[in-house]
Amino acid sequence: MTLQTSVFSLDQQAMDHIERKFREKQLIAAARSQELFDIFQQKLTSEETWALKFLFAYMPVNDLADYDGSLFLSHVRQTLDIRGRVPWGARVHDHLFLHFVLPYRVNTENIEDSRGILYDELAARTSHLSMADAILETNYWCHEKANYTGSDLRTVSPLTMIRTARGRCGEESTLAVAALRSIGIPARQVYTPRWAHCDDNHAWVEAWADGRWYYIGACEPEARLNQGWFSPPARRAMLINTRIFANYSGPEDITLADEWFTEINLLEGYAPTRTITVHIKDEQGRPVDGADVFFELYNMAEFYPIAALPTNAQGEASFKTGFGDLMVRAVKDGKWAEKKITAAGGELIELVLDQTEQPSDTADFDMVPPPELHGEASDPLTDEMILRHNRRLEEGTEIRSGYEQTFLDEAQATKLAEAAGLPRERVWDVLRKARGNSREIAAFLWEHSFQHGEWPLLLLESMNEKDLTDTFRPALDDHLIGSLSQRGELPEDLFNRYILCPRVLYEMIKPYKRFFQDMFTEEDVLSFRQDPTGLVRKIDAEWEIREDLPNLRGKGNPVGTFKLKKGDRDSLDILFVAICRSLGIPARLHPSEQKPQFMMGGSWQDAVFTQGWKPQTKKKDNGTLRLLPDADLRAESPAPSYSENFTFARLENGSYKTLFYPYGNSDVFDQPFEVEEGSYRMTSGIRLKDGTVRVRFTYFTVRAGEQTDCSLTFREPMLDIPVLGTMNRESDLIMGNGTVKTMGDLIGTSGAIVAWLEPEREPTKHLIREIGELAEPLTELGAPIIFVVGDSEWASSFDPGSYSKLPSCAMFVRDSSYASIPCFISKPSASEAGFPHLFVLDGQDQIRYTASGYKIGTGKEALQILTGIWQKPAKRSVT
């Protein structure tokens with residue numbers, strides 16, 4: 001063995017390990033060897049060489065497929081150069097540098113050569129600051145560039161976030177981590193996979209400064225570190241973790257040490273913890289090695305595994321978590337065992353793998369989240385610090401709003417539409433969604449609409465809203481021209497959705513249609529069109545499944561996967577669909593099963609591959625499932641809504657796979673669901689105000705060619721409507737036109753919802769979205785909905801008119817100092833939770849419900865309470 005000179009403080013064993021992993025990746029990526037590894041023929045320093053080897057050693061297969069070595073060399077050189085420039089570069093030791101500064105990837109974003117761009121933005125603003133202040137300053141910069149909005153599961157790149165000026169929390173934190181790393185500050189994206197006390201999840205940022213890690217809310221600056229609206233929810237979390245692309249040795253708790261990545265558990269820094277050890281045995285009492293143990297909690301009406309760990313040779317798997325309930329499920333070779341554990345249920349549990357058939361009845365139980373806890377008291381901010389912070393927030397919002405004013409507006413969209421002969425409303429719709437990419441989209445329409453009519457617009461309308469923000473003309477040109485050449489005699493709707501549309505799952509949209517059209521002979525194309533199973537057999541025989549990073553499944557670009565001849569199962573499914581569409585064969589992923597299908601003989605056929613677990617090697621026949629309304633439905637029971645209060649899942653190899661249907665789908669009784677034959681479990685749940693869920697499992701079986709009827713039932717909600725206080729009717733509030741009215745003038749005498757907001761913050765945006773989704777029942781109820789905004793927030797380019805989807809009974813008013821908020825929100829739990837503060841009032845001005853801070857589902861809870869106490873106003877007599 002040749003001894004290497006130490007680089008990055010790596011010992012010989014570590015260098016040998018990296019070298020071995022690097023050589024393995026060279027073999028895996030042999031089909032793209034030149035594009036990836038020719039950079040090592042250049043003159044490199046030892047640091048450049050080992051930084052590149054380190055990145056390649058743990059590089060996901062999809063990155064090996066989709067990017068070239070020149071991108072990674074540029075990234076390495078810029079990162080090493082920046083390390084020498086920033087004042088704290090020498091204080092960041094090599095272990096931190098390799099794992100939390102050098103990496104090019106944060107989440108599942110598209111990789112761009114952005115490190116130098118971000119450094120140029122931030123260097124002058126941070127070079128004179130301490131590391132801690134540089135973290136705060138970087139977050140003020142992030143706030144200038146983007147703020148929160150909900151969106152789909154695909155994560156956009158930092159540069160797209162800047163161009164678009166908004167994104168969900170996973171994208172905000174991706175931007176913030178990339179920005180901090182660009183100035184040499186170690187940073188990582190941390191997240192709770194699912195909350196226990198409410199639906200959804202959240203991601204934020206940890207950054208290292210002078211010996212310790214701190215947390216921040218990305219793009220939502222605070223005046224100091226370790227502060228954010230999510231601090232109280234985090235104390236109720238069951239897992240907070242991050243994934244590192246390396247063989248990472250700590251010092252943090254390690255949840256999972258995989259061959260290609262390490263998951264570390266950071267919960268102890270936020271919440272009380274306990275370690276649960278599960279012993280798995282077979283029916284003879286022997287320990288089971290290699291069983292999969294899933295630690296699941298209720299969220300979005302399913303039991304979601306927040307951690308999946310293998311058992312060791314002693315049949316054990318240990319998991320550090322919070323003090324809430326979990327469902328533990330162990331599976332191996334088609335046998336399983338399941339048990340609910342509680343906060344008081346002890347830390348050692350034993351499961352025997354002896355189940356092969358699911359129950360045939362129902363099961364009712366509660367899932368209790370960790371309790372609310374108070375945080376440690378911190379020194380109050382001075383008035384000067386608060387004033388300076390608020391001024392920075394205002395300045396940041398003005399900068400971002402000013403940038404948004406540069407997007408193409410409705411008048412410019414109308415001018416383009418009239419010139420190109422396109423419908424004005426539809427053109428404005430795609431340009432509005434494209435935001436900072438609107439000029440690129442407009443240029444595409446201008447270049448192609450005169451020759452191709454509405455087809456360029458139809459292409460844009462076939463894509464997801466987010467796609468319009470980061471898809472550029474080369475890709476759009478390819479998919480337009482490449483699709484129209486395959487138009488044939490297909491019906492327009494079928495052509496638009498399954499040939500023209502470039503989107504398959506959540507991969508980045510890039511050109512591929514003309515590439516695949518050039519890759520096959522005319523004889524191949526004719527053969528595949530006549531019988532697409534020939535393409536299935538070809539992919540099955542010539543492409544290898546390589547699973548490595550769970551969150552990157554299904555993110556492979558079709559051309560990269562094709563060239564590498566390897567990919568995860570989902571990326572190979574995407575490849576199949578992309579090739580089919582390129583050759584004029586309608587193809588898709590099944591809407592609920594997510595399995596690849598092609599159209600033949602007027603019906604959808606499954607593409608049955610033999611590699612991997614999905615789809616099944618043996619084709620299953622379908623039956624139908626008809627959901628029936630509960631015959632004993634109570635007035636207080638929720639309206640059925642998929643993924644909000646119920647889902648159903650099929651048993652596959654001992655685990656339940658939730659079927660995918662649109663979130664909030666409520667037309668569940670109108671038509672039967674076509675599903676594969678098999679054993680199913682329906683999960684329904686009602687979440688109480690403290691976060692506890694009243695869960696019901698309903699088990700049933702669907703047989704091929706038969707209809708199964710299943711009643712969708714909920715447990716009793718246990719609605720509690722206490723009197724919590726009284727609202728002051730005399731408080732003055734300022735209307736939009738500047739007139740002053742009292743609270744009593746606005747809330748009337750029959751009941752109301754009043755909420756104090758910070759419109760720029762994510763929790764407020766969630767609440768406004770929920771109220772908008774409930775516009776119909778709230779409008780029908782007719783109770784006043786008063787949104788109260790402070791003067792400083794109202795001045796931050798706040799436009800009440802932009803909230804067009806709210807109930808007609810909703811209004812925005814100003815409260816100069818938030819003086820009208822009921823005094824009991826000063827209690828520690830409400831005060832620390834922060835805005836929004838929502839109250840439901842009855843006809844006597846009594847507060848019957850209150851919620852503060854981040855809590856998904858507040859809108860529905862408020863509607864439920866208000867419905868229970870609402871007193872319809874008496875009609876006034878006309879004189």
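**Strands, helices and cysteines**

A: Six bridges join strand E9 (residues 274–281) to E12, and the two run antiparallel. This is a predicted model, in which local features need pLDDT of at least 70 and side-chain atom pairs count only at pLDDT 80 or more, while totals for chains, interfaces and linings use all residues. Residues are numbered from 1 along each chain as its sequence is written, and side-chain values use heavy atoms, with hydrogens and water left out.

Q: What is the order of the strands in the open sheet?

A: Strands of a sheet pair through backbone hydrogen bonds, either parallel or antiparallel. Strands here are DSSP runs of E, at least two residues, and helices are runs of H or I, at least four, numbered from the N terminus; two strands pair if DSSP finds at least two bridges between them. The order is E12-E9-E15, three strands with mixed pairing. Strand E12 (316–321) and strand E15 (348–352) are at the edges with a single partner strand each, so one side of each has no neighbour in the sheet.

Q: How many residues of H8 are buried?

A: Buried means under 20% relative accessible area, exposed over 50%, and partly exposed in between (1.4 Å probe, protein chains only). In H8, 12 of its 15 residues are buried, among them Met131, Trp141 and His143. The partners of those buried residues include helix H7 (115–126), helix H10 (169–182) and strand E4 (202–209), with contact meaning heavy atoms within 4.5 Å.

Q: Where is the kink in H15 centred?

A: An α-helix has 3.6 residues a turn, so residues three or four places apart point the same way. To find a bend at a residue, take the angle between axes fitted to the seven residues ending there and the seven starting there. In H15 the kink is about 25 degrees, centred on Trp446. Just after H15, Gly453 has a positive phi of about 65 degrees.

Q: How many disulfides does a search of the whole structure find?

A: You're after a pair of cysteine sulfur atoms within 2.5 Å. The search finds zero disulfides. For Cys169, the nearest cysteine sulfur is that of Cys219, 11 Å away. Cys219 is in no disulfide either, with the sulfur of Cys142 nearest at 4.8 Å. Cys169 counts as buried at 10% relative accessibility, and Cys219 is buried at 2%.
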